[in-house]
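This report covers a sheet, a helix packed on it and a pair of aromatic rings. Please read it beside the model.

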Amino acid sequence: MADCLFCGIVKGEIPSEKVYEDDRVLAFKDINPVAPVHVLLIPKEHHRDVIEAADRDPAVLGHLFTVASKLAKELGLSEKGFRVVNNFGKDGGQTVFHLHFHLIGGRQLTWPPG
(Lines give C-alpha, C1' and ligand atoms only; values in the text may rest on other atoms or scores of the structure.)
Protein backbone atom coordinates (compact mmCIF):
# COMPACT_ATOMS: atom_id res chain seq x y z
CA MET A 1 0.00 0.00 0.00
CA ALA A 2 1.42 3.34 -1.07
CA ASP A 3 0.58 5.28 2.10
CA CYS A 4 1.31 2.53 4.66
CA LEU A 5 3.99 3.46 7.21
CA PHE A 6 5.09 -0.13 7.75
CA CYS A 7 5.22 -0.88 4.01
CA GLY A 8 7.58 2.11 3.75
CA ILE A 9 9.76 0.58 6.47
CA VAL A 10 9.80 -2.79 4.66
CA LYS A 11 10.85 -1.04 1.42
CA GLY A 12 13.61 0.85 3.23
CA GLU A 13 12.01 4.23 2.46
CA ILE A 14 11.50 4.93 6.16
CA PRO A 15 14.35 4.21 8.59
CA SER A 16 13.98 1.75 11.44
CA GLU A 17 16.26 0.06 13.95
CA LYS A 18 15.99 -3.54 12.76
CA VAL A 19 16.49 -6.41 15.18
CA TYR A 20 15.45 -9.26 12.85
CA GLU A 21 14.68 -9.83 9.19
CA ASP A 22 13.96 -12.80 6.98
CA ASP A 23 12.08 -13.27 3.72
CA ARG A 24 8.63 -12.92 5.38
CA VAL A 25 9.03 -10.90 8.57
CA LEU A 26 10.72 -7.73 9.76
CA ALA A 27 11.20 -6.81 13.44
CA PHE A 28 12.35 -3.41 14.61
CA LYS A 29 12.45 -1.30 17.77
CA ASP A 30 9.32 0.73 18.53
CA ILE A 31 10.01 4.49 18.34
CA ASN A 32 7.82 5.05 21.44
CA PRO A 33 8.72 2.13 23.71
CA VAL A 34 6.58 1.34 26.75
CA ALA A 35 9.19 -0.98 28.27
CA PRO A 36 12.96 -1.53 28.08
CA VAL A 37 12.30 -4.03 25.26
CA HIS A 38 9.60 -3.04 22.79
CA VAL A 39 9.89 -4.56 19.34
CA LEU A 40 7.36 -4.51 16.51
CA LEU A 41 7.05 -7.60 14.33
CA ILE A 42 5.42 -7.18 10.93
CA PRO A 43 4.88 -9.36 7.89
CA LYS A 44 6.62 -7.94 4.84
CA GLU A 45 3.48 -8.52 2.80
CA HIS A 46 0.76 -6.02 3.62
CA HIS A 47 -2.13 -7.43 5.64
CA ARG A 48 -4.45 -4.86 7.17
CA ASP A 49 -5.01 -6.86 10.36
CA VAL A 50 -4.95 -10.31 11.95
CA ILE A 51 -8.27 -11.34 10.39
CA GLU A 52 -7.12 -10.45 6.88
CA ALA A 53 -3.86 -12.33 7.42
CA ALA A 54 -5.72 -15.38 8.77
CA ASP A 55 -7.91 -15.40 5.67
CA ARG A 56 -5.15 -14.77 3.11
CA ASP A 57 -1.97 -16.28 4.62
CA PRO A 58 -2.52 -18.01 7.97
CA ALA A 59 1.04 -19.42 7.98
CA VAL A 60 2.43 -15.91 8.43
CA LEU A 61 0.74 -15.71 11.85
CA GLY A 62 2.59 -18.80 13.05
CA HIS A 63 5.83 -17.45 11.64
CA LEU A 64 5.36 -14.14 13.47
CA PHE A 65 4.97 -16.02 16.77
CA THR A 66 7.99 -18.20 16.01
CA VAL A 67 10.06 -15.05 15.44
CA ALA A 68 8.63 -13.46 18.61
CA SER A 69 9.73 -16.51 20.61
CA LYS A 70 13.22 -16.46 19.06
CA LEU A 71 13.61 -12.75 19.81
CA ALA A 72 12.31 -13.14 23.37
CA LYS A 73 15.07 -15.66 24.01
CA GLU A 74 17.75 -13.55 22.29
CA LEU A 75 16.70 -10.36 24.09
CA GLY A 76 16.73 -12.01 27.53
CA LEU A 77 12.97 -11.99 28.11
CA SER A 78 12.26 -15.71 28.26
CA GLU A 79 13.19 -16.23 31.92
CA LYS A 80 11.12 -13.51 33.60
CA GLY A 81 8.38 -13.10 31.00
CA PHE A 82 7.12 -10.87 28.25
CA ARG A 83 3.96 -9.94 26.40
CA VAL A 84 2.99 -10.28 22.74
CA VAL A 85 0.21 -7.84 21.83
CA ASN A 86 -1.90 -7.31 18.74
CA ASN A 87 -4.26 -4.35 18.61
CA PHE A 88 -7.20 -4.93 16.26
CA GLY A 89 -9.33 -2.13 14.86
CA LYS A 90 -10.04 1.32 16.16
CA ASP A 91 -11.59 0.22 19.47
CA GLY A 92 -8.73 -2.23 20.01
CA GLY A 93 -6.18 0.57 19.70
CA GLN A 94 -4.84 -0.21 16.21
CA THR A 95 -3.31 2.98 14.79
CA VAL A 96 -1.28 1.57 11.90
CA PHE A 97 -3.41 -0.62 9.67
CA HIS A 98 -0.68 -3.09 8.72
CA LEU A 99 -0.69 -6.24 10.85
CA HIS A 100 1.86 -6.00 13.64
CA PHE A 101 2.64 -7.54 16.99
CA HIS A 102 4.33 -5.82 19.91
CA LEU A 103 6.94 -7.83 21.84
CA ILE A 104 7.18 -6.10 25.20
CA GLY A 105 9.29 -6.94 28.24
CA GLY A 106 12.21 -6.09 30.46
CA ARG A 107 10.08 -4.88 33.37
CA GLN A 108 7.09 -5.99 35.44
CA LEU A 109 3.99 -5.56 33.26
CA THR A 110 0.61 -4.84 34.79
CA TRP A 111 -2.94 -5.95 33.95
CA PRO A 112 -5.30 -4.76 32.71
CA PRO A 113 -3.21 -2.91 30.12
CA GLY A 114 -5.59 0.05 29.74
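## Burial and basis

Buried means under 20% relative accessible area, exposed over 50% and partly exposed in between, with a 1.4 Å probe and protein chains only. Phenylalanine 28 counts as buried, at 4% relative accessibility. Phenylalanine 6 is buried too, with a relative accessible area of 4%.

The model is predicted: local features need pLDDT of at least 70, side-chain atom pairs count only at pLDDT 80 or more, and totals for chains, interfaces and linings use all residues. Residues are numbered from 1 along each chain as its sequence is written, and side-chain values use heavy atoms, leaving out hydrogens and water.

## Aromatic pairs

The whole structure holds 2 aromatic pairs. Rings of Phe, Tyr and Trp (its six-membered ring) pair if their centres lie within 6.5 Å; planes under 30 degrees apart are stacked, over 60 edge-to-face, the rest tilted.

One of the pairs joins phenylalanine 6 and phenylalanine 28, edge-to-face, at 5.7 Å centre to centre with 75° between the planes. Phenylalanine 6 sits in helix α1 (residues 5-11) and phenylalanine 28 in strand β2 (residues 25-29), so the pair ties together parts 22 residues apart in sequence. Helices (H or I, at least four residues) and strands (E, at least two) are DSSP runs, numbered from the N terminus.

## The sheet

Strands pair if DSSP finds at least two bridges between them. An open sheet of 5 strands runs β1-β2-β3-β5-β4, with antiparallel pairing. β1 (18-21) and β4 (82-85) are at the edges with a single partner strand each, so one side of each lacks a neighbour in the sheet.

β4 and strand β5 (residues 101-105) are antiparallel, joined by 4 bridges. Arginine 83 has isoleucine 104 in β5 as its bridge partner.
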